[in-house]
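I opened my notebook to look up the pockets in this one. Here is what I wrote down as I went.

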Amino acid sequence: MVIDKHYIKKATGLKILSVRSCKSTFNELGDNDVIIAQSQVFGEGRGDHKFFSPPGGLYIVMREVGLNINAHTLTPAVGLAAHDTIKAVSGIDTTLKWVNDVMFGGKKAAGILVKCPRRGEYLIGIGINYATDIRDLELAGVEGAATLNANECRATEFCTDLIKRIHAATLMPFDYKRYNALCDTVNKTVSFMRGDVKIQGHAEHVEKDGSLIVRIGMATVAVDAGEVSIIREVKTEE
């Protein structure tokens, strides 16, 4: 897979670093605006999770600077940007799982991780199973993962479009209504942790501030961080 960094630089006006492989895109961004890697040795996920990053993927970290950026809605807004790029360039329909996953066929095709190393600076990371061999994911024991199996010849166009959409997402209000329409988590039974307590409830909607509203009995709570799991309800035959 060939990434034309000169084309992306000309199209976006940004300083682009493109590498075949690296240890971690977050650690190797340097003074560039964007790094694009096709594999990682130590891909980072939320919390202490690792993000398996075999060849064929697109692993991007983009630096955005601006005190006007709404940090609370940035992750879901980037999810929308990724959904739109995948549809526009590859013609593939995806959905979203609150708060940081892009889903294809009910499985995870992309994950988002946003860091804020200092006030007003955001490092937006996204790892996409773009043209990943599904056998690599299966052999590594990665469960619930999917590959877009997208056209490698359009990878430069894909990266360019995604970078532009992510930047636009930092400048516009979060389109929470469209996010709700695309979110698999909404109207599902979910579970999440509050301290050491596991809580279960019904996910009603995603608010304009990016939080997930979950009904628990007669009350509702706003979940604004952490991992939320969708509980698969098993139907029994009568």
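**Pocket notes**

I began with the second largest pocket: 18 residues line it, and Arg46, Ala71, His72, Thr75 and Asp224 are the ones nearest its centre. Two elements, α2 (71–90) and β6, each give two or more residues to that lining. By class I got 9 nonpolar, 5 polar and 4 charged residues. The volume of this second largest pocket came to about 320 Å³.

A note on where this comes from: it's a predicted model, where local features need pLDDT of at least 70 and side-chain atom pairs count only at pLDDT 80 or more, while totals for chains, interfaces and linings use all residues. Residues are numbered from 1 along each chain as its sequence is written, and side-chain values use heavy atoms, without hydrogens and water.

My terms: a pocket is an open set of points on a 1 Å grid over the protein atoms alone where a 1.4 Å probe fits, with protein on both sides within 12 Å along at least five of seven lines, and lining residues have an atom within 4 Å of a point. Volume is the space filled by probe spheres set on the points, which are joined across faces, edges and corners. Helices (H or I, at least four residues) and strands (E, at least two) are DSSP runs numbered from the N terminus. Nonpolar is Ala, Val, Leu, Ile, Met, Phe, Trp, Tyr, Cys and Pro; charged is Asp, Glu, Lys and Arg; the others, Gly among them, are polar.

Next I looked up the largest pocket, at about 850 Å³. I found 43 lining residues, with His49, Phe51, Asp101, Lys108 and Gly111 nearest the centre. Here β6 gives the most, 7 residues.
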